[in-house]
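Good morning, colleagues. Please take a moment with the sequence and the model on the screen before I comment on them.

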Amino acid sequence: METTNYYNDDSKLIIPSLFYDSISNMPIERCQVCQKKIIETDAEYMIEKVFRRNPISGKMEVMFEFAICFSCALTFVNSYSAQSKENLQRYFAEHLEGRITHIFQKSITSEIDIYDHLSTCAITGKKVTELEEYQIIGRFRGGFLKLDEPPFLIGANSMDDVADLLSNETIDNMDDFTGKYLTGPPEFRDFFKSPRRRPVLI
Ligand SMILES: [Zn+2]
């Protein structure tokens, strides 16, 4: 008997190594918040990674990365104020429309296409090679990247624009979240100090 696939073949891709755990160089196994095994349980989840250029070597380095399952992300998003939610939805609806069009024009069928797709800021169109800092966000199910909701890259300037849309109440909730779950080594904690970076969960 054939097993049922949840999507068509062209709407998913085996997790590209770009989204791997940068230390183990293997797929991230657990939700950062509830510790659920996301690949084993075929869970829906997001991965967010932030890269920053090392001023000495000139190379991009991973500043932080995490996976969060949909149920934890939903709990988190539900803690946003109504105003913040509305602002975010409007912003992404206005600014990410071009990205959606792009994805239909050029289909992603391999990891190389992912690099191509993530070579410009989804908001400004700026080339990744011109950015000093950016983040990539992808949605996944089990061992696969979802392409029906394609991954995207946003530059640090746009990340700041997004942060400006958030109410103080929402920012407090986010800071509780980052303080609790995104700690790790001291350089990670410094990362969330001024100018602060906050996870993008929409
Ligand atoms: Zn979770």
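I shall begin with Gln-135, which has a relative accessibility of 1% and therefore counts as buried, the cut-off being under 20%. Please bear in mind that this is a predicted model. Gln-135 belongs to strand β4, which covers residues 133–141. What does the side chain of Gln-135 contact? Its partner is the side chain of Glu-48, and the two are joined by a polar contact of 2.6 Å.

Let me stay with strand β4 for a moment. Strands β4 and β6 pair in the antiparallel sense, over 4 bridges. One of the residue pairs is Ile-137 with its bridge partner Phe-152 in β6. Strand β6 itself comprises residues 152–155. From this strand, Phe-152 and Ile-154 point one way, while Leu-153 and Gly-155 point the other way; all are buried.

I turn now to the metal site. Which residues supply the protein donors of the zinc ion? They are Cys-31, Cys-34, Cys-69 and Cys-72, each through its SG atom, lying 2.3 Å from the ion. Along the chain, these donors follow the spacing C-x2-C-x34-C-x2-C. The angles among the 4 donor atoms run from 102 to 116 degrees, and the site is tetrahedral. For assigning that geometry, the angles must all lie between 85 and 135 degrees.

Finally, two of these cysteines deserve a word on accessibility. Cys-69 has a relative accessibility of 1%, so it counts as buried. Cys-72, at 13% relative accessibility, also counts as buried, because the limit is under 20%.

Thank you for your attention.

How values were computed. Residues numbered from 1 in each chain as written. Predicted model: local features only at pLDDT ≥ 70, side-chain atom pairs only at ≥ 80, totals over all residues. Heavy atoms only, no water. Donors = N, O, S within 2.8 Å, 3.2 Å for Na, K, Ca; no water. Tetrahedral: all angles 85-135°; square planar, octahedral: opposite > 155°, others 65-115°. Buried < 20%, exposed > 50% of the residue type's maximum accessible area, 1.4 Å probe, protein only. Helix = DSSP H or I, 4+ residues; strand = E, 2+ residues; numbered from the N terminus. Polar contact = N/O pair within 3.5 Å; in protein donor to acceptor, adjacent residues only side chain to side chain. Pairing = 2+ DSSP bridges.
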